[in-house]
Amino acid sequence: MKLYMSHTSPFARKVRMTTRLTGLADQVEEICTTFESAELRERNPLGKIPALEASDITLFDSALICE
Ligand SMILES: N[C@@H](CCC(=O)N[C@@H](CS)C(=O)NCC(=O)O)C(=O)O
């Protein structure tokens with residue numbers, strides 16, 4: 001899985017902590033990005049961080065990703 005994130009985002013930090021606490025961190029590649037990034041907007045048209053690409057879908061909103 002790929003997590004589009006920023007080190008300054010508290011929402012991304014929540015997700016990053018969750019991956020570590022649940023032992024899933026080694027399955028998640030963290031990709032530092034910006035709101036304007038075309039790569040992010042292809043996956044999340046809202047341009048919000050964090051977004052998690054998993055298989056062929058992308059989840060966004062930190063609460064959903066953590067669930
Ligand atoms: N409800 C969202 C909020 C995410 C959010 O607002 N992230 C900020 C960064 S901390 C963002 O992407 N801002 C860019 C924008 O609003 O255009 C979540 O929990 O993931």
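1. The side chain of Thr 33 makes a polar contact with the side chain of Ser 37, at 3.2 Å, where a polar contact is a pair of N or O atoms within 3.5 Å, one of which, within protein, must be able to donate a hydrogen and the other to accept it, with residues adjacent in sequence counting only if both atoms are side-chain atoms. This is a predicted model, in which local features need pLDDT of at least 70 and side-chain atom pairs count only at pLDDT 80 or more, while totals for chains, interfaces and linings use all residues. Residues are numbered from 1 along each chain as its sequence is written, and side-chain values use heavy atoms, with hydrogens and water left out.

2. Thr 33 lies in the loop between strand E2 (29-32) and helix H2 (38-43); helices (H or I, at least four residues) and strands (E, at least two) are DSSP runs, numbered from the N terminus. Thr 33 is buried, with a relative accessible area of 12%, buried meaning under 20%, exposed over 50% and partly exposed in between (1.4 Å probe, protein chains only). Leaving aside neighbours within four places in sequence, Thr 33 is in contact (heavy atoms within 4.5 Å) with Tyr 4, Met 5, Ser 6, Leu 40 and Ile 49.

3. The four strands form an open sheet in the order E2-E1-E3-E4, with mixed pairing, two strands being paired if DSSP finds at least two bridges between them. E2 and strand E4 (57-60) are the edge strands, each pairing on one side only.

4. Strand E3 (residues 51-54) pairs with E4 in the antiparallel sense over four bridges, and Leu 52 stands opposite Leu 59 in E4.
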